[in-house]
Amino acid sequence: MDTRNETDSMGTVEVPADHYWGAQTQRSIENFPIGRDTFVWGHSMIRALGHLKLGAARANRELGELSALDETALDALEQAAREVVAGDLDEQFPLVVFQTGSGTQSNMNSNEVISNRAIEIAGGQMGSKSPVHPNDHVNRGQSSNDTFPTAMHIAVVLDLHEYLYDQVTRLRDVLADKSSEFADVVKVGRTHLQDATPITLGQEIGGWVAQLDFALGSVRHAETGVLDLAIGGTAVGTGLNAHPQFGQLAAAKIAEQTGHPFRQADNLFASLSAHDALVMLSSSLRGLAMALMKIANDVRWLASGPRNGIGEIRIPENEPGSSIMPGKVNPTQCEAMTMVATRVFGNDATVGFAGSQGNFQLNVYKPVMAHAVLESIRLLGDSCAAFTDHCAVGIEPDRERIAAELASNLMQVTALNPHIGYDKAAQIAKKAHKDGTTLKAAALELGHVTEDEFDAWVIPFDMTHPRTVEG
């Protein structure tokens, strides 16, 4: 393979001649062969680094901090950064998550790629560091310690809006429509996995909708903290070697580029040494995963059978479920969603522990925190989309099965409590269960009510909402 020589503070390194990265990126490739098949950065983090470097270049240009470069070189620097944002140079970012905890190698990867691409655009020789230097120009007024957490926040916010919010909202809206559609379907309620008083299928699904509303609201609230950027803090939060207005202006440029209200954090020391905003966001994603776990489990229980389970709802049959049992179909979308939930729980544990490990002026668990949060966002968004399209839209009640289950539900006896008291109602339920008869038959045999009274007081639909004893 053809190579060229690149240099850094440690000496000369051979890098592939047809790639834009430089010495420090190559050293990382060689020194961190950890999880290379599964933990190479995806486009989200690369795009965020591009936005960061573009915003920084524009801020430094406006502040006169890049006056050593002519207009051609400045334009080339910004063009190279825009190409990173667009994804045109994704293959030039080969590094893995497990690297220096500050993300230094990924920061330098972006500096080297943008530098060499700008040099190429300006007609220079890659590796010469002229006219655009990776440290002096691309990284002007910056440190990995403030740029990498800035990129983390940019990537998370962009992914929330691109991959999560719309998909969760779409699932929520489909379930809300189902809740309205089945508002008149009265069925058995269940507590402790035991029969309970009646509920409508619409109310049951409406509970899922409320969970999603709450969880999504929590994620949106947590996002506000992620809009604060560490840019301008440089190495330890003091802003050493950065123009006094650089961080604030760079954040404003990033906000303009992305369309999201990013701003420089009020306290840059906290932004470098702790990542509480990501911890809080990850926790809210875990809350969303918890809600989705509940929904998916309820759906597969209600659809269980089809003949020997609960079987009160039908869901789409998407693929064969067994290699040995002909005709078996499984609730695969529910299973996929619950597996996603467990992964998000695990990612949140990683983020929470990593977030607790800041020491003095720096937390050095940044890359794994970013990866865990970004993976959770993608997994949750993808699973919501699949669950909506291949399961939720096809939920239908088995009205005959629901009616049969409701007819034998002993907990309808609860409607008699206000009229005859708890103890007599309990006698009726226990006698019906022991004798294998209906509640009505047991009630009449015990003489606690008349037939007309039973028919007037035990009405399943009336038990699905508050009402006075007089009706």
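Modeller: With a definition: a residue is buried when its relative accessible area is under 20%, and exposed when that area is over 50%. Keep in mind that this is a predicted model.

Biologist: Which residues of α3 are buried?

Modeller: The general idea comes first. An α-helix has 3.6 residues a turn, so residues three or four places apart point the same way. In this structure the buried residues of α3 are Ala73, Leu74, Ala76, Leu77, Glu78, Ala80, Ala81, Glu83, Val84 and Val85. They pack against α2 (43–63), α4 (104–121) and α5 (134–138).

Biologist: What span should helix α3 have, and how far apart are its end C-alpha atoms?

Modeller: The expected span is 1.5 Å times one less than the number of residues. Helix α3 covers residues 71–86, and its 16 residues should therefore span 22 Å; the end C-alpha atoms are 22 Å apart, which agrees.

Biologist: How many residues of α4 are buried, and how far does α4 reach?

Modeller: Of the 18 residues in α4, 15 are buried, so the helix is mostly covered. From first C-alpha to last, α4 reaches 25 Å, close to the 26 Å expected at 1.5 Å a residue. Just after α4 comes Gly123, with a positive phi of about 90°.

Biologist: Which residues other than glycine have a positive phi here?

Modeller: Most residues other than glycine have a negative phi, and most peptide bonds are trans. Leu193 has a positive phi of about 60° although it is not a glycine. Leu193 sits in the loop between β3 (186–191) and β4 (194–200). Another case is Asn241, with a positive phi of about 70°, in the loop between β5 (228–229) and α8 (246–258).

Biologist: Are Leu193 and Asn241 buried or exposed?

Modeller: The cut-off for exposed is over 50%. Leu193 counts as exposed because its relative accessibility is 72%. Asn241 counts as exposed because its value is 64%.

Biologist: Where are the cis peptide bonds?

Modeller: One runs from Ser130 to Pro131, with omega near 15°, and Pro131 is in the loop between α4 and α5. Another runs from Gly305 to Pro306, with omega near 10°. Pro306 belongs to the loop between α10 (276–302) and β7 (313–314).

Note on methods. Residues numbered from 1 in each chain as written. Predicted model: local features only at pLDDT ≥ 70, side-chain atom pairs only at ≥ 80, totals over all residues. Heavy atoms only, no water. Helix = DSSP H or I, 4+ residues; strand = E, 2+ residues; numbered from the N terminus. Buried < 20%, exposed > 50% of the residue type's maximum accessible area, 1.4 Å probe, protein only. Contact = heavy atoms within 4.5 Å.
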